[in-house]
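Trainee: I am new to this structure. Please walk me through it one feature at a time.

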Amino acid sequence: MPNTMLKCSACGSTRVAVLINGKPYCTYCGSKILRTHLIRTLINMQREGLITSTIKIEEYADS
Ligand SMILES: [Zn+2]
C-alpha cells in the first residue's frame with residue numbers, strides 16, 4: 001500500500017504514520033487520537049467496574 005496516497009485525516013499532513021479505524025493519521029494526530037481513545041476506553045472500563053476507581057483517569061481526559 002503506497003503511503004504517498006494517504007493524508008492525515010485530521011491535519012492533512014502527508015506524513016502518515018498510522019491507521020486508526022481505517023483512517024490515516026500522522027504521528028502527531030495519531031498519538032493524540034490514540035490517547036483520547038485509550039482514556040475513553042479506560043473510563044468505560046472503570047464505569048463497568050472492570051478496573052478500580054483509584055486511578056483518576058478524568059484528570060487526563062481534557063488535555
Ligand atoms: Zn495530522
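**Reading the model**

Mentor: Start with Y28, which counts as partly exposed because 14 C-beta neighbours lie inside 10 Å. Partly exposed is the band between buried, at 20 or more, and exposed, at 12 or fewer. Y28 lies in helix 1. Keep in mind that this is a predicted model.

Trainee: How far apart are the C-alpha atoms of Y28 and A10?

Mentor: The C-alpha atoms of Y28 and A10 are separated by 9.7 Å, while 18 residues part them along the chain. G12 and Y25 give another pair to look at: they are 13 residues apart in sequence and 8.4 Å apart in space, C-alpha to C-alpha.

Trainee: Is G12 buried or exposed?

Mentor: G12 counts as exposed, because 9 C-beta neighbours lie inside 10 Å. You will find G12 in the segment before strand 1.

Trainee: What pattern does the protein chain follow along the sequence?

Mentor: Read along the sequence, the pattern is β-β-α-α. That is 2 helices and 2 strands in the protein chain.

Trainee: In what sense do strand 1 and strand 2 pair?

Mentor: Look for bridges between them. Strand 1 covers residues 16-20 and strand 2 covers residues 23-26; they pair in the antiparallel sense over 4 bridges. Take I20 as an example: its bridge partner in strand 2 is K23.

Trainee: Which residue takes a positive phi in the hairpin of strand 1 and strand 2?

Mentor: First the general idea. Most residues other than glycine have a negative phi. Now the case here. The hairpin has 2 residues between the strands, and N21 takes a positive phi near 50 degrees. N21 is a residue other than glycine.

Trainee: Is N21 buried or exposed?

Mentor: N21 counts as exposed, because it has 8 C-beta neighbours inside 10 Å. Its place is the loop between strand 1 and strand 2.

Trainee: Which residues make up the largest nonpolar core?

Mentor: Count 5 residues in all: C8, V16, Y25, C26 and C29. Leaving aside neighbours within four places in sequence, C8 is in contact with S13, V16, P24, Y25, C26 and C29.

Trainee: What share of the residues in the protein chain is buried?

Mentor: Buried residues make up 11% of the 63 residues. Among contacts between residues at least 6 apart in sequence, 0% join residues at least 24 apart.

Trainee: What does helix 1 reach from its first C-alpha to its last?

Mentor: Compare the reach with the expected span. Helix 1, residues 27-47, has 21 residues and reaches 30 Å, close to the 30 Å expected at 1.5 Å a residue. Just after helix 1, G49 takes a positive phi of about 75 degrees.

Trainee: Which residues are in contact with M45, leaving aside its neighbours within four places in sequence?

Mentor: M45 is in contact with L50 and I51. M45 has its place in helix 1. It counts as partly exposed, because 13 C-beta neighbours lie inside 10 Å.

Trainee: Where in the protein chain is confidence lowest, and where is it highest?

Mentor: Read pLDDT element by element. Helix 2, residues 58-61, is lowest, at a mean of 64. Strand 2 is highest, at 95. For the protein chain, the mean pLDDT is 84, and 76% of the residues reach 70 or more.

How values were computed: Residues are numbered from 1 along each chain as its sequence is written. This is a predicted model: local features need pLDDT of at least 70, side-chain atom pairs count only at pLDDT 80 or more; totals for chains, interfaces and linings use all residues. Two residues are in contact if their C-beta atoms, placed from the backbone, lie within 7 Å. Two strands pair if DSSP finds at least two bridges between them. A nonpolar core is a set of buried Ala, Val, Leu, Ile, Met, Phe, Trp, Tyr and Cys residues joined through C-beta atoms within 7 Å. The expected span of a helix is 1.5 Å times one less than its number of residues. pLDDT is the predictor's confidence in each residue, from 0 to 100.
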